[in-house]
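Good morning, colleagues. Please look at the sequence and the model as I speak.

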Amino acid sequence: MKYQKIDLTATTRLRRALLEYYDRAARDLPWRLATDPYRVLVSEVMLQQTRVETVKSYYVPWLEQFPGIAELAAANDDEVMKAWEGLGYYRRARNLHQSARVVRESHNGEIPSDYAGLRSLPGVGEYTAGAVASIAFGERVPAVDGNVRRVLARLFDVSEPGTAWLRDTAAALVDESRPGDWNQALMELGATLCTPRSPTCEACPVARWCAARALGTQAERPMAKTSPHVKESAYVLAVFHRDGRVLLAKRPPDGLLAGLWAFPERPVLDGIDAAEVTAEMAAEWGLEPVGPQLRLPDCPHRFSHLNAVYMPWSIEVVGAPDGAESNSHGARWVRPDVRAGVALPVAQRKVLDSWSDQQFTDQQLRREP
């Protein structure tokens, strides 16, 4: 693939135009004025693959609970995952937590102040390292996310921008005096005007330098990526309950939803009998079902690589010592209205809410004359 060469003769005017636009029109976001490296790192990790509006409701509460790298490093896993609950892509939270501990143990509690040092932290890739290095430390390095990729592809009319070209092009354009603001301005442009569909070219501050606009190809740049195959899976969930509490098990430290709390589950196989499966699961936990099993509404959930359907069953049980909060399986009996310290994935919370509604309905029916 041949790429259009960068014309650096116009970069000074392009930079000025974009930075003036950014100064005038940038969205008022809670992390925008932050230059503290820890706060910048938190915001950039949260924003990965997550909408800005969603992150807004997590960023400030997170800083209230973990105001600095020391507090995050000292927290336990359940506290961190609970604070991240509902934000998704939970590996980010685990990496951020591990990074805090690495900083505490290997960097004297100070976040590395350059791109190379940041890249050494768990889960910190090229984009995050570039964003933190430029915004927090003023290092002249690029930060290429999906928005920046789209802006550059249109500026230079490139249908399939490769990684090396993006890195080199972005690096050449970074403003020397305001590298952090420049990177944020490019991202802001991609998020607000140079959007994937129907870009607002007439309001774009750099439209005069845009090759795709001149050629009328902006809607085709960059070429859409082929969507990967998404696996389909179904799972039986056992909502074991007794005395108004449900059994939650902590998931393994690796794999899907690692380290979160969830209902015991089994994958659905051909010819599976859900009643037999839940009975087997109850026996594994040392529980004895009492009364009929009740089917709750299915709960579909889409992960980045998996379309899952959860098929929950409500099963009243007896067994296990009364008052026990945990056992050798790493489980807890939890009241639905008191879940402090227990981080649940989105789908599991929906199932728990469904079970709570069903219990409320049953109670109301029993009270009717």
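I begin with terms: on a 1 Å grid over the protein atoms alone, a cavity is a set of points where a 1.4 Å probe fits but cannot get out, and a pocket is an open set with protein on both sides within 12 Å along at least five of seven lines; a lining residue has an atom within 4 Å of a point. Grid points are joined across faces, edges and corners, and a volume is the space filled by probe spheres set on the points.

This is a predicted model, in which local features need pLDDT of at least 70 and side-chain atom pairs count only at pLDDT 80 or more, while totals for chains, interfaces and linings use all residues. Residues are numbered from 1 along each chain as its sequence is written, and side-chain values use heavy atoms, leaving out hydrogens and water.

The protein chain has 14 helices and 9 strands, where helices (H or I, at least four residues) and strands (E, at least two) are DSSP runs numbered from the N terminus. Of its 369 residues, 49% are buried, that is, under 20% relative accessible area with a 1.4 Å probe, protein chains only.

How many cavities of 30 Å³ or more does a search of the whole structure find? The search finds 1, and the largest cavity has a volume of about 120 Å³. Its lining comprises 15 residues, with Arg154, Cys194, Cys201, Cys204 and Cys210 nearest the centre. H9 gives the most to this lining, namely 3 residues. By class, the cavity lining has 11 nonpolar, 2 polar and 2 charged residues; Ala, Val, Leu, Ile, Met, Phe, Trp, Tyr, Cys and Pro count as nonpolar, Asp, Glu, Lys and Arg as charged, and the others, Gly among them, as polar.

I turn to the pockets. The largest pocket has a volume of about 1,200 Å³. Lining it are 44 residues, and Leu47, Gln48, Gln49, Thr50 and Asp145 lie nearest its centre. Helix H2 supplies the largest share of this lining, 6 residues. The lining of the largest pocket divides into 19 nonpolar, 14 polar and 11 charged residues.

The second largest pocket has a volume of about 660 Å³. Among its 23 lining residues, Asp145, Gly146, Arg149, Arg150 and Lys225 are the closest to the centre. Here H9 gives the most, with 4 residues. This lining holds 12 nonpolar, 2 polar and 9 charged residues.

Definitions and conventions: Buried < 20%, exposed > 50% of the residue type's maximum accessible area, 1.4 Å probe, protein only.
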